[in-house]
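Please read them with the coordinates open.

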Amino acid sequence: FFSLMSSTPPRDGLAMASAAGRVAAFSHVPLRLCKVDHGAAVVSTKTALLVAVPSLSDLERSGTWQAFLNKAAYCRRTNRPLYVFVGVPQLLHSRLDAPWAKCRERGSSASLKAVALLSLYEDPNPPDRVLYMEGTAFLSDLAFGDDEDAPEAYFALAPAAELVMRRDLDPSIFLTKRSAWSSQVLALWWRGQCGADDALPLASTLYASWSAATDGKLEFEKPTFETRAGA
């Protein structure tokens with residue numbers, strides 16, 4: 001069912017997301033970026049859909065598998081590429097505080113999203129735009145009707161945007177364009193992991209990036225992003 005594209009993510013992508021090799025390391029199981037053959041012709045200019053799962057057994061769980069079939073059906077109907085990233089990048093050492101935010105959350109997680117997207121960006125034929133969806137997320141019936149080109153429509157609302165997501169910065173579903181800026185944000189997002197929730201490091205990374213881009217005109221209080229509740 002899967003067409004294997006690479007047994008491990010490209011090293012350059014992982015290097016962007018690590019700090020002198022101290023932050024990230026591969027698990028003993030090879031990470032895989034797979035392209036799904038859903039049986040229909042693929043239009044490479046369409047926004048690709050990406051999902052990341054810890055393992056194939058996780059993908060085969062009832063709710064996740066049903067959601068995956070929903071995504072595959074949508075991509076088949078709309079002739080868009082579908083990718084699955086399989087595996088868990090593990091932390092090599094204790095998480096190091098990012099320069100822009102200390103971490104006061106307990107626990108840790110190895111977010112699949114950033115590494116999955118960086119790996120897809122460095123595929124030999126990478127898509128220009130990607131819709132990332134959590135493994136258990138479903139596309140509504142509207143996506144199979146008049147709104148089947150909704151990903152492109154969202155980008156059309158703000159042609160200069162390189163990241164489109166929910167107002168509360170929930171990263172369970174978001175759109176991104178392949179660019180130097182989005183690659184840097186993804187790498188910094190991985191670098192700034194904090195606790196078991198990957199929404200907190202994404203929020204702190206974005207606010208720090210916006211502050212840097214405006215030469216500090218956009219101010220934010222670092223302590224705000226030390227905990228999920230504060231953010």
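1. In this predicted model, the largest cavity is lined by Glu 162, Leu 163, Met 165, Phe 174, Thr 176, Trp 181, Ser 182, Val 185, Leu 186, Trp 189 and Leu 202. Strands β8 and β9 and helix α6 are the elements that give two or more residues to this lining. The greatest contribution is that of α6, with five residues.

2. The volume of the largest cavity is about 70 Å³. It belongs to a set of two cavities of 30 Å³ or more in the structure. Sorted by class, its lining comprises eight nonpolar, two polar and one charged residues.

3. Helix α6 (residues 180-191) packs against helix α7 (residues 199-213) at an angle of about 135°, the two axes being 9 Å apart. Angles over 145 degrees would count as roughly antiparallel and those from 65 to 115 as roughly perpendicular, so this value falls among the remainder, which means that α6 is oblique to α7. The crossing of α6 past α7 is right-handed.

4. On the α6 side, the contact with α7 is made by Trp 181, Val 185, Leu 188 and Trp 189; on the α7 side, by Pro 201, Leu 202, Thr 205, Leu 206 and Ser 209. Seven of these contact residues are nonpolar and two are polar, with no charged residue.

5. The axes of helix α4 (residues 112-121) and α6 come within 8 Å and cross at roughly 145°. Here α4 passes α6 in a left-handed crossing.

6. Which residues make the contact of α4 with α6? From α4 come Lys 113, Ala 114, Val 115, Leu 117, Leu 118 and Tyr 121, and from α6 come Ser 182, Ser 183, Leu 186, Ala 187, Trp 189 and Trp 190. By class, this contact has nine nonpolar, two polar and one charged residues.

7. The largest pocket holds about 420 Å³. It is lined by 18 residues, of which Leu 131, Leu 139, Ala 150, Tyr 154 and Ile 173 are the closest to its centre.

8. At least two residues of the pocket lining are supplied by each of β7 (129-133), α5 (150-157), β8 (163-165) and β9 (173-177). The lining of the largest pocket divides into 15 nonpolar, one polar and two charged residues. Strands β8 and β9 therefore give residues both to this pocket and to the largest cavity, as judged by the assigned strand runs.

Technical notes
Residues are numbered from 1 along each chain as its sequence is written. This is a predicted model: local features need pLDDT of at least 70, side-chain atom pairs count only at pLDDT 80 or more; totals for chains, interfaces and linings use all residues. Side-chain values use heavy atoms; hydrogens and water are left out. Axes are lines fitted to C-alpha atoms, for helices over the stretch in contact, and angles run from 0 to 180 degrees between N-to-C directions. Helices (H or I, at least four residues) and strands (E, at least two) are DSSP runs, numbered from the N terminus. Angles under 35 degrees count as roughly parallel, over 145 as roughly antiparallel, 65 to 115 as roughly perpendicular and the rest as oblique. A crossing is left-handed if the near helix is turned anticlockwise from the far one by less than a right angle, and right-handed if clockwise. Contact means heavy atoms within 4.5 Å. Ala, Val, Leu, Ile, Met, Phe, Trp, Tyr, Cys and Pro count as nonpolar, Asp, Glu, Lys and Arg as charged, and the others, Gly among them, as polar. On a 1 Å grid over the protein atoms alone, a cavity is a set of points where a 1.4 Å probe fits but cannot get out, and a pocket is an open set with protein on both sides within 12 Å along at least five of seven lines; lining residues have an atom within 4 Å of a point. Grid points are joined across faces, edges and corners, and a volume is the space filled by probe spheres set on the points.
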